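Hi all, thanks for making the time.

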Amino acid sequence: MKINLIALAVAGTLTTTLFITGCQSASEADNKQQLQVSPLSANPLFVASTLQYQAPDFNIIKDEHFQPALEQGIKEHYQQVLMIANNNDKATFANTIVALETSGELLNRAANVFYNLASTDSNPTLRKIQGEMAPKMAVHSDNIQLNSALFSRIDSLYQQRQQLGLSAEEIRLIEVYHQRFIMAGAKLTDQQKAQIRLLNEEQSTLTNEFSQRLLRLTKEIAVVVDSEEELAGLSVNELRAAKADASAQGLEGKYLLSITNTTRQPVLAKLENRELRQRVWQASSTRGMSGDNETASLVSRLAQLRAERAALLGYDSWADYTLAPQMAKTPEAVYEMFGSMVPAVVANTEKEAADIQMMINKTGADFTLAPWDWAFYAEKVRKEKYDLDAASIKPYFEFNRVLEDGVFFTLEKLYGVTFKPRPDLPVYHKDVKAYEMFDVDGSSMAIFYADHFAREGKRGGAWMSAFVTQSTLLNSKPVVVNVMNIKKAPEGQPTYVSYDEVTTMFHEMGHGTHGMFSKVTYPSLSGTAVTRDFVEFPSTFEEDWAAHPEVLANYAKHYQTGEMIPDELLQKLLKSRSFNQGFDTLEYMAAALVDLEWHSLPADAPLQDVAQFEAAALKKHGVDIAAVPPRYKSTYFAHAFPGGYSASYYAYMWSEILAADAFAYVQTQGGLNREIGMKYRKTIREVGNSVPPMEAYKAFRGQEPTTEALLKRRGLN
């Protein structure tokens with residue numbers, strides 16, 4: 001997942017999380033600013049870091065530095081924007097667009113550090129700041145995007161862009177600005193702008209509250225187990241970890257099973273105790289429906305107010321509004337994509353369910369397959385079909401070897417880049433490791449942070465973000481982070497990763513290199529600042545290299561002996577990759593369709609009952625299989641509600657079409673080799689959003705993609 005910390009999307013270098021909320025008077029802000037702003041010498045965020053590529057100096061940045069820097073950053077940036085908007089000189093590319101691109105330095109720097117830490121290493125202080133800053137960031141966003149004088153200057157440049165003697169990238173930048181301002185409401189009347197501000201205020205409040213409740217829920221719903229006997233099926237290391245987690249929460253002598261952010265829970269594949277499996281699944285699937293941290297009411301209102309905002313902007317629904325600038329263009333195109341796949345996916349899933357029910361019966365059990373049974377018995381079916389024992393594979397997938405001999409090795413083979421550990425660079429948590437990336441000629445390109453292990457204070461999931469984005473205009477090089485939630489082994493024990501986690505490591509580095517390979521002039525077009533349904537393409541493309549024979553031979557080695565994974569075991573693993581693809585695809589599609597249905601509601605629709613709405617949406621599209629619930633239910637659908645993927649969760653599959661087609665094409669060009677890798681790097685990774693997505697794809701592939709490779713990739717054809 002790519003987390004775009006782009007909030008305002010208006011001032012080039014300003015890349016913060018989107019918080020759209022309410023106002024405060026200038027006098028109140030000024031008075032508070034005078035009270036809170038630390039002297040420059042006392043607040044490291046007020047000046048550019050002296051570390052390489054302005055990497056944050058985490059040794060000296062403290063929690064108390066963030067709010068003063070953010071508030072002063074807003075103040076300074078707004079003054080810069082007013083000077084641009086009120087310039088008496090005729091609008092030019094330099095005095096308007098370039099000026100915006102170079103504004104907001106302090107806010108950009110402070111926000112990039114703050115919002116990254118708020119996601120990866122949160123604490124009560126950071127959460128309090130996040131809540132307090134949400135309305136202020138929203139006001140700032142509105143004050144820029146709804147400024148009539150500023151839009152007038154941008155619009156005048158847009159109208160004459162082809163006659164100004166500009167480069168293709170400069171014309172593209174004007175078009176991006178113009179579209180963003182219009183979609184923010186720049187053409188609305190003053191009365192409509194006032195309405196937009198109120199909706200933005202409420203949305204910011206609700207999305208921030210949603211995120212905070214989810215974070216609290218993660219701790220609240222962890223399943224406490226009294227005895228080791230109940231945990232039959234877990235390994236010795238897993239038992240130790242569960243006991244250590246319980247002890248850390250003051251539950252001595254007990255065991256704690258943490259709940260991940262998806263409906264499906266990895267531990268369900270191992271627990272032999274059916275009653276405990278049901279407890280775990282219900283803790284996961286019912287979260288947010290009731291209690292102090294319920295999110296159901298937030299879901300209903302967020303969907304409603306987004307529909308109201310879309311209507312003000314002239315769209316039938318939030319989905320219509322959101323998809324207009326994407327590759328898909330319309331919700332109908334997305335529904336058509338999914339609709340064309342539903343019959344094959346459902347048929348595959350039903351066959352898998354029948355095989356699992358047979359396995360349940362075969363073991364002497366007398367019950368009908370339920371959601372909490374699927375993973376456990378699917379593993380038995382997998383083992384029988386492929387004679388594949390997941391436990392026998394794990395020693396060949398040790399974390400460090402996968403990262404350095406798998407992910408890094410692949411990047412060197414394809415793109416010529418190498419990674420060197422940088423233990424001298426400060427990190428924000430002891431589990432984070434810093435690297436420097438070098439190009440094929442030995443020149444330094446970027447700083448990369450690897451933050452792969454789960455911990456309290458980190459939100460669930462996996463993502464890439466940036467502390468510094470690339471721009472030749474600003475002479476800045478990328479400082480990028482990859483984040484995951486791998487369960488770290490107890491001290492002194494090797495951390496093994498599942499094959500799914502292996503592919504996720506490759507996936508997130510696909511995002512990472514999309515940011516680190518960027519070679520554009522303007523920060524607004526840099527790296528991953530592309531459409532939602534294109535941004536997942538480079539990351540998904542990277543996944544399939546995890547199974548490439550040459551790559552596997554380099555990293556799939558036994559942790560203790562160094563012996564390569566036996567060919568027989570490897571072939572079983574590769575053949576089993578298409579197993580359970582009906583389930584995997586259906587649970588994803590179900591979530592994507594629920595997201596799109598929520599955001600296809602018209603502005604006059606009443607508040608919805610969450611459970612009833614979900615059930616109706618699944619039935620409408622023929623994906624209502626009881627044993628296969630959506631990957632995310634609405635009440636913990638972080639992508640769609642507090643996150644930036646509202647009406648856009650479909651983007652993973654849309655991007656997968658591109659990725660599968662591109663990967664298949666690469667194999668016809670010799671596969672893992674520098675020549676095709678560099679072509680891909682130059683045409684896709686380096687151009688950011690300076691080229692329209694489909695143009696970039698055709699420059700690499702020579703044609704638009706088809707779905708043939710996708711169906712083959714998922715074993716559905």
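Helices (H or I, at least four residues) and strands (E, at least two) are DSSP runs, numbered from the N terminus. Bear in mind that this is a predicted model, where local features need pLDDT of at least 70, side-chain atom pairs count only at pLDDT 80 or more, and totals for chains, interfaces and linings use all residues. Residues are numbered from 1 along each chain as its sequence is written, and side-chain values use heavy atoms, with hydrogens and water left out.

Okay, the sheet part. Strand S4 runs antiparallel to strand S5, residues 444-453, with six bridges joining them. On its other pairing, S4 meets strand S3, residues 418-421, also in the antiparallel sense, over four bridges.

So which residue of S4 is the bridge partner of proline 421? That's tyrosine 435, and tyrosine 435 in turn has phenylalanine 448 as its bridge partner in S5.

The hairpin of S4 and S5 has five residues between the strands, and there glycine 442 takes a positive phi near 90 degrees.

Why is S4, residues 433-438, largely enclosed by the rest of the structure? Because five of its six residues are buried, meaning under 20% relative accessible area with a 1.4 Å probe, protein chains only.

Leaving aside residues up to four places away in sequence, alanine 353 touches Leu369 and Trp374, where contact means heavy atoms within 4.5 Å. Tryptophan 374 is 21 residues from alanine 353 in sequence, and their C-alphas are 7.9 Å apart.

Methods. Buried means under 20% relative accessible area, exposed over 50%, partly exposed in between (1.4 Å probe, protein chains only). Two strands pair if DSSP finds at least two bridges between them.
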